[in-house]
Amino acid sequence: MSLLRRFLRTPEAVAGALILAALVAMALAAPLLFPRDPLSIAGPALLPPFQDWSLPLGTDRLGRDVLAELFHGARTSIAVGLAAAATSIAIGATIGTLAGFAGGLTDEVLMRITDAFQTVPGFLLALAFVSVVGPSLAVVVIAIALGAWTGPARVARAEVLSIRERDYVASARVIGMHPLEIAFREVLPNALPPVLALSSIIVAAAILVEAALSFLGLGDPNRVTWGGMIAEGRAVLRSAPFLSIIPGIALVLTVLGVYLAGEGFVEASAARKRQS
Amino acid sequence: MSVRLTVEKLGVSYRGDGRETEVLKDVSFELRAGERLAIIGESGSGKSTLALAIAGLLPAGSRVDGNVRWPELGRQPINGRDLGFVFQDPSSSLNPVLTIGEQIAEVVRAHLGMAWREAYAHAEMLLGRVRLPDPASALRAFPHQLSGGQRQRVAIAEAIAARPSLLIADEATSALDTIVQADIVKLIEELVVEDGVSLMFISHDIALASQIADRIAVFRHGRLVEIGEAEQIVDAPREAYTKSLLAAHMGLDTPSLLSPEAVA
Amino acid sequence: MLLLRRRLIGAIPVLLIVVVGTFLLLEAAPGDAVDAYVGMTGGDAGLIAELRQTWGLDQPALARLAAYLWSLAHLDLGYSVTFSRPIRDVILERLPNTLLLMGSATALSFGAGSLLGIVAGARPGSFRDRFLSIGSLALYAVPGFWLGLVLTVLFSVQLRWFPSSGIETIASGKAGVSRALDIAQHLVLPVAALGIIYLALYLRVMRAGMAEIWRMDFVLAARAKGISRRRIVWRHVARNALLPLVTMLGLQSAAMLGGSVVIESVFSIPGLGRLAQEAVGSRDTPLLLGIILVSAVLVILINLVVDMLYAVLDPRVGASEESA
């Protein structure tokens with residue numbers, strides 16, 4: 001049975017896939033539906049939701065269209081979530097492969113560095129990095145990856161340790177391939193699947209960290225972010241709580257969608273493995 | 001001798017992945033009081049399923065046909081109270097994080113109505129009965145601190161704690177090395193005689209089984225192939241399958257107790 | 001004790017890497033402490049040069065790293081320009097509030113999470129199992145800071161049950177039990193906001209652990225022994241499933257410390273996290289790095305305690321350490 005059919009068999013996975021599809025549609029449609037700068041003023045300030053159908057979700061303190069902000073915010077969340085996860089997995093897989101394949105002192109040093117990164121709270125590290133380098137989308141992505149690469153590194157190392165003694169690695173040694181070439185051509189691709197299984201958790205965590213950074217005013221100031229919207233609404237939390245609540249719901253649904261789809265995918269591939 | 005256990009047309013099937021697999025078909029036999037019956041078969045013959053079915057320990061989703069009756073009891077048997085069960089591998093059948101004392105005492109407490117303090121004292125006595133050295137300190141030990149043979153003695157102490165009338169030993173010696181194996185078989189034999197317990201000794205090793213059993217039942221593919229007195233089965237088997245079992249050096253999975261290779 | 005000593009020795013290189021890392025980050029920061037100081041107080045070029053000399057900032061980088069390590073060895077974290085006080089004193093003043101918040105959130109999430117995990121895992125596949133599993137996944141997706149705001153709207157603005165900010169009523173003159181109650185009341189919402197995501201996590205780990213333990217031979221053996229189902233669930237299954245949960249407790253301590261940064265900011269709790277945000281706001285990089293360093297030490301200590309706890313809960317640990 002195909003992976004997709006197995007995936008679609010669990011209702012949770014389908015729900016996750018639907019949420020993610022809606023999110024991607026929002027992100028793609030944002031510039032078409034709301035071509036204006038979402039940070040520009042669209043109407044009277046603090047218009048509650050469901051009052052004016054040209055501004056369905058109302059406006060914020062500065063009269064910006066909440067729905068437009070929500071759509072454009074989806075772009076930031078997806079971009080940061082995917083980029084940060086890709087960066088963490090790339091860094092983690094590289095370091096884990098090097099450590100596991102080289103062994104000895106290299107392994108020891110790299111693993112102590114991994115320990116050090118796991119000892120420092122990732123969010124504090126991200127905070128310090130952004131505050132030192134200055135907030136921009138790329139910096140936020142790197143800041144998040146700084147705290148998230150250690151998981152993939154450990155998994156990759158463990159996989160590499162089990163793979164490096166196998167026959168095809170030995171034969172690559174015999175034909176005189178360069179060790180680094182063996183590590184990254186022969187070993188890494190085979191060590192990757194369990195590392196990639198972590199990706200949904202990393203994407204979800206990255207989205208949450210980005211939101212928290214933006215909430216503290218450390219997101220890219222030129223982009224709409226859901227975390228920034230929540231922070232913006234906080235000033236009028238007592239009179240207009242919806243301004244903070246609406247982007248938060250979008251955030252919860254997105255992260256939930258990532259978890260559900262990820263879990264469904266892991267289960268489906270495990271089931272396929274059992275069958276074969 | 002009175003009949004202790006009657007198995008009538010017992011059938012068991014497991015459901016899983018939309019299919020139903022029949023693992024035990026139309027099995028009938030009797031077990032008398034104080035009798036020692038060996039159940040022999042290769043892995044997959046259904047012999048362990050038979051043991052689990054008698055103890056009511058089959059996994060959820062299994063279907064059971066036929067009957068298991070306990071004529072002397074006149075009620076449903078209670079695990080631990082009426083039947084004791086010794087599993088194959090004592091390194092996995094004992095809880096790794098509880099003391100030996102607690103694991104024996106909990107059986108005593110559940111079935112003999114003792115308080116914890118008395119139950120521990122009783123557990124110490126039981127450890128003496130299964131001849132574990134220094135029972136008092138063994139009470140406070142954890143499973144990993146004992147050897148494989150000692151762990152199996154503990155498991156036997158748990159099984160006989162409430163003086164059940166039936167002891168089921170499911171491959172109880174096959175995870176142990178040959179010398180320890182012989183000791184454990186001897187211990188089971190003695191306890192069975194002392195307490196007048198009926199024994200179901202499940203094994204893949206027909207030689208080992210013939211040492212301990214009064215009667216032998218041979219299983220294959222979920223069916224009872226033949227059942228009879230131990231000497232008759234060993235010396236004059238009726239079924240071709242039993243003959244092939246005996247011919248195959250009396251051991252199927254591992255070297256048997258009597259085979260010379262096992263010692264080398 | 002062998003375990004303790006080995007762990008302490010193992011922590012030294014890790015801490016050293018953290019120190020060098022923070023130092024490099026400090027180097028990368030545009031401007032130094034003098035710029036920050038002059039930026040606040042004003043001063044001419046002569047003063048700047050003089051300050052650089054007295055603070056040793058005119059030295060080469062390696063010499064400054066050595067000086068930094070030397071002062072750290074004397075538990076001197078440097079001087080905070082924004083607070084005009086030694087960084088160590090500022091951090092020590094804030095630390096208890098963070099520890100209180102984290103400790104309470106850990107107790108809540110671990111206690112309630114493991115209990116609910118046992119409820120769910122006692123009967124795998126049952127309705128309450130599925131309900132709790134899906135519910136915990138949903139909770140696990142909720143960002144703590146947003147949950148904090150929602151709880152504030154509900155319980156502080158609407159119902160007026162709990163205060164929305166601070167760690168205690170300012171200048172209330174309360175002492176003893178009434179002060180403790182006051183602090184407890186202030187902690188309810190932040191602890192819930194910080195702890196619920198971990199509650200969901202511990203629930204899931206406990207449930208998954210129990211599902212695995214149910215398949216173990218010793219559980220079947222326990223059923224064959226005829227002991228009560230309640231005893232099997234608690235003493236055999238849950239007791240073993242607790243072990244991975246305890247490991248999790250140590251692993252999550254760094255994440256929870258990071259989470260408390262945002263929660264302290266939401267509820268204006270004067271703790272380490274709020275201090276970090278203030279350090280970012282006033283560009284007080286040495287203070288920020290001091291906080292990171294202290295956090296790392298804290299995480300190492302928490303993991304040490306968790307390791308000890310694990311050794312108590314799992315009798316096999318001591319044996320493997322001895323034979324290793």
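Q: At roughly what angle do the axes of helix α5 (residues 87–122) of chain C and helix α12 (residues 285–313) of chain C cross?
A: In this predicted model, the two axes come within 10 Å and cross at roughly 55 degrees. Axes here are lines fitted to C-alpha atoms, for helices over the stretch in contact, and angles run from 0 to 180 degrees between N-to-C directions. Helices are DSSP runs (H or I, at least four residues) and strands likewise (E, at least two), numbered from the N terminus.

Q: Why is α5(C) called oblique to α12(C)?
A: Angles under 35 degrees count as roughly parallel, over 145 as roughly antiparallel, 65 to 115 as roughly perpendicular and the rest as oblique. The crossing is at roughly 55 degrees, and that makes α5(C) oblique to α12(C).

Q: What makes the contact of α5(C) with α12(C)?
A: I87(C), V90(C) and I91(C) of α5(C) meet P286(C), L287(C), G290(C), I291(C) and V294(C) of α12(C). Residues are in contact if their C-beta atoms, placed from the backbone, lie within 7 Å.

Q: How do the residues of this contact of α5(C) with α12(C) divide?
A: There are 7 nonpolar, 1 polar and no charged. Ala, Val, Leu, Ile, Met, Phe, Trp, Tyr, Cys and Pro count as nonpolar, Asp, Glu, Lys and Arg as charged, and the others, Gly among them, as polar.

Q: Why do β2 (19–32) and β4 (62–69) of chain B stand at the edges?
A: Two strands pair if DSSP finds at least two bridges between them. The open sheet has the order β2-β1-β4 (chain B), with antiparallel pairing. Each edge strand has a single partner, so one side of each is left without a neighbour in the sheet.

Q: How many bridges join strand β1 (residues 3–16) of chain B to β2(B)?
A: The two antiparallel strands are joined by 10 bridges, and G16(B) stands opposite R19(B) in β2(B).

Q: Which chains share the most contacts?
A: Of the 2 pairs of chains in contact, that is chains A and C. Here 41 residues of chain C are in contact with 34 residues of chain A. On the side of chain C that touches chain A, α12(C) gives the most, with 9 residues. That side divides into 33 nonpolar, 8 polar and no charged residues.

Q: How far apart are the nearest C-alpha atoms of chain A and chain B?
A: They are 10 Å apart, and the two chains do not touch.

Q: How are names and limits set here?
A: Residues are numbered from 1 along each chain as its sequence is written, while chains are lettered from A and ligands numbered from 1 in the order in which they are written. In this predicted model, local features need pLDDT of at least 70, side-chain atom pairs count only at pLDDT 80 or more, and totals for chains, interfaces and linings use all residues.
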